[in-house]
Amino acid sequence: MPITIKEIESVLSRLAAAPGRFSSALSRLEDADSVASATEGEWSPVEVLAHVRVANDILEPRIFFALVRDNPPLLAYDDIRWAEVARYASVPITESLDAMRMRRKELVLALRALSPEQWERPGVHEVKGQMSVYDLASYIADHDDDHIAQIERGVGNS
């Protein structure tokens, strides 16, 4: 079934709103950069944002790969290793948010220019199989939502 304009607009809205939602959730913390993990197995807010930035580094280019090449391979990467190399956890949250905000603005600008047919362009992920531009964008939006909720739970707003 073809992707509807309503579905596309919903994903675009969620993608565009995510940096502000992260900022809002993090602003409720007294000092988000220094807040250690509250419970065993939970990430600190800075670790959550670093993880999201790493995920976006990996996921967002896949959208462009699918748009500029017919059925491209979408390589899988070790996000933990990527995080070690990128060192985003050592960047102050305000700077991470600024970087995320700019990159997301650019992504949404590019996505808004797509035709409905372009949203259906596929790539082949080496683990997950065929994924369309829409699938990738939806995955990013869902991932953002999950981690915004994680930060909100950490400050008592689940």
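Axes here are lines fitted to C-alpha atoms, for helices over the stretch in contact, and angles between N-to-C directions run from 0 to 180 degrees. Helices are DSSP runs (H or I, at least four residues), numbered from the N terminus. The model is predicted, so local features need pLDDT of at least 70 and side-chain atom pairs count only at pLDDT 80 or more, while totals for chains, interfaces and linings use all residues. Residues are numbered from 1 along each chain as its sequence is written, and side-chain values use heavy atoms, leaving out hydrogens and water.

**View 1. Helix α1 (residues 5-27) packs with helix α4 (residues 93-112).** Their axes lie 10 Å apart, at an angle of about 170 degrees. That makes α1 roughly antiparallel to α4 (an angle over 145 degrees). The contact of α1 with α4 divides into 12 nonpolar, 1 polar and 4 charged residues (Ala, Val, Leu, Ile, Met, Phe, Trp, Tyr, Cys and Pro count as nonpolar, Asp, Glu, Lys and Arg as charged, the others, Gly among them, as polar).

**View 2. Helix α6 (residues 133-154) packs with α4.** The angle is about 150 degrees and the axes are 13 Å apart. That makes α4 roughly antiparallel to α6. Met100, Arg104 and Leu111 of α4 meet Val133, Ala137, Ile140 and Asp144 of α6. These divide into 5 nonpolar, no polar and 2 charged residues.

**View 3. Pro2 lies in the segment before α1.** Pro2 is exposed, at 58% relative accessible area (exposed means over 50%, with a 1.4 Å probe and protein chains only). Beyond its neighbours within four places in sequence, Pro2 is in contact with Glu7 and Glu120.

Technical notes: Helices (H or I, at least four residues) and strands (E, at least two) are DSSP runs, numbered from the N terminus. Angles under 35 degrees count as roughly parallel, over 145 as roughly antiparallel, 65 to 115 as roughly perpendicular and the rest as oblique. Contact means heavy atoms within 4.5 Å. Buried means under 20% relative accessible area, exposed over 50%, partly exposed in between (1.4 Å probe, protein chains only).
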